[in-house]
Amino acid sequence: MKRAVVSFALVIGTLAAAPTFAQAPEPTLSAALQDKTAVGKARLRYWGFDVYDASLWARPGFDIGQFETQRFGLELAYLRDFKGADIAERSIDEMNDLATIEPAQATRWTQAMSSLFPDVKRGDRITGVHVPGSGARFYLNGKLLGEVADDAFSRLFFGIWLSEQTSAPKLRLALLGQSLSTR
């Protein structure tokens with residue numbers, strides 16, 4: 001009996017010390033965003049060229065002031081062809097404009113994005129899903145690409161579009177279903 005109690009205590013102690021794992025990513029975008037609705041949509045133009053149409057998907061009552069605490073999706077429907085590595089580089093540049101990122105961290109994040117983001121063709125859609133406390137999951141045309149399991153990465157990555165310090169404030173407002181005249 002004493003031996004069984006000690007064994008039970010060891011098992012419970014081992015389970016308590018074991019790391020907890022985040023919920024496995026949903027294999028499809030529809031599953032990842034099943035209870036989300038479109039909040040807003042905007043087109044990014046750069047130097048006169050159409051780059052992508054962006055759409056924000058969230059639950060009703062989405063609070064932009066606390067976007068990092070809520071699950072949401074941001075879809076980019078590409079209007080031009082791009083190399084995945086170029087998307088990763090541009091993303092890290094935008095993230096660096098929002099916060100200071102240590103060079104080693106920037107390298108890790110760039111490598112993670114480069115390994116996830118494929119070359120895209122006009123019409124391809126990459127959707128990022130922010131999972132608070134876990135990181136970002138990415139889907140290509142509705143199918144899981146993978147994830148970056150780093151909450152700091154996810155907050156900065158989605159901050160490219162949702163932060164008040166974004167380089168595209170008009171796009172941010174449109175994603176939120178607002179316009180300059182309603183502000």
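**View 1. The salt bridge between Arg-43 and Asp-50.** In this predicted model, Arg-43 is partly exposed, with a relative accessible area of 37%. The partner of Arg-43 in a salt bridge is Asp-50, and the closest N and O atoms of the two are 3.4 Å apart. Asp-50 is likewise partly exposed, at a relative accessible area of 25%.

**View 2. The salt bridge between Glu-75 and Arg-125.** The side chains of Glu-75 and Arg-125 meet in a salt bridge with an N to O distance of 2.8 Å. Because Glu-75 belongs to strand β3 and Arg-125 to strand β4, this pair ties together parts that are 50 residues apart in sequence. Glu-75 counts as buried at 12% relative accessibility, whereas Arg-125, at 37%, counts as partly exposed.

**View 3. The salt bridge between Arg-59 and Asp-35.** Among the eleven salt bridges found in a search of the whole structure is the one in which the side chains of Arg-59 and Asp-35 meet, at 2.5 Å from N to O. Arg-59 lies in the loop between β2 and β3 and Asp-35 in the loop between α2 (29-32) and β1 (37-46), so the bridge ties together parts that are 24 residues apart in sequence. Both ends are partly exposed, Arg-59 at 49% relative accessibility and Asp-35 with a relative accessible area of 32%.

**View 4. The aromatic pair of Tyr-52 and Tyr-78.** A search of the whole structure finds 14 aromatic pairs. In one of them, the ring centres of Tyr-52 and Tyr-78 are 5.9 Å apart and the ring planes stand at 70°, so the pair is edge-to-face. Since Tyr-52 is in strand β2 (residues 49-58) and Tyr-78 in strand β3 (residues 72-78), the pair ties together parts that are 26 residues apart in sequence. Tyr-52 is buried, with a relative accessible area of 9%, and Tyr-78 is buried as well, with 5%.

**View 5. The aromatic pair of Phe-117 and Phe-157.** These two rings form a tilted pair, with 6.3 Å from centre to centre and 45° between the planes. Phe-117 lies in the loop between α4 (103-116) and β4 (125-131), while Phe-157 is in helix α5 (residues 151-162), so the pair ties together parts that are 40 residues apart in sequence. Both residues are buried, and both belong to a cluster linked by ring pairs, which also includes Trp-109 and Trp-161.

**View 6. A patch of negative charge on the surface.** Asp-81, Asp-86, Glu-89, Asp-93, Asp-97 and Asp-119 gather in this patch. Asp-93 has its place in helix α3 (residues 84-98) and is partly exposed, with a relative accessible area of 40%.

Notes
Residues numbered from 1 in each chain as written. Predicted model: local features only at pLDDT ≥ 70, side-chain atom pairs only at ≥ 80, totals over all residues. Heavy atoms only, no water. Patch = residues over 30% accessible without salt bridge, like charges linked within 9 Å, V, L, I, M, F, W, Y side chains within 5 Å. Areas by Shrake-Rupley, 256 points an atom, 1.4 Å probe, with all protein chains shown as cover. Salt bridge = Lys/Arg side-chain N within 4 Å of Asp/Glu carboxyl O. Lys, Arg positive; Asp, Glu negative; His and termini not counted. Charge placed at Lys NZ, Arg CZ, Asp CG, Glu CD. Helix = DSSP H or I, 4+ residues; strand = E, 2+ residues; numbered from the N terminus. Buried < 20%, exposed > 50% of the residue type's maximum accessible area, 1.4 Å probe, protein only. Phe/Tyr/Trp six-rings, centres within 6.5 Å; stacked < 30°, edge-to-face > 60°.
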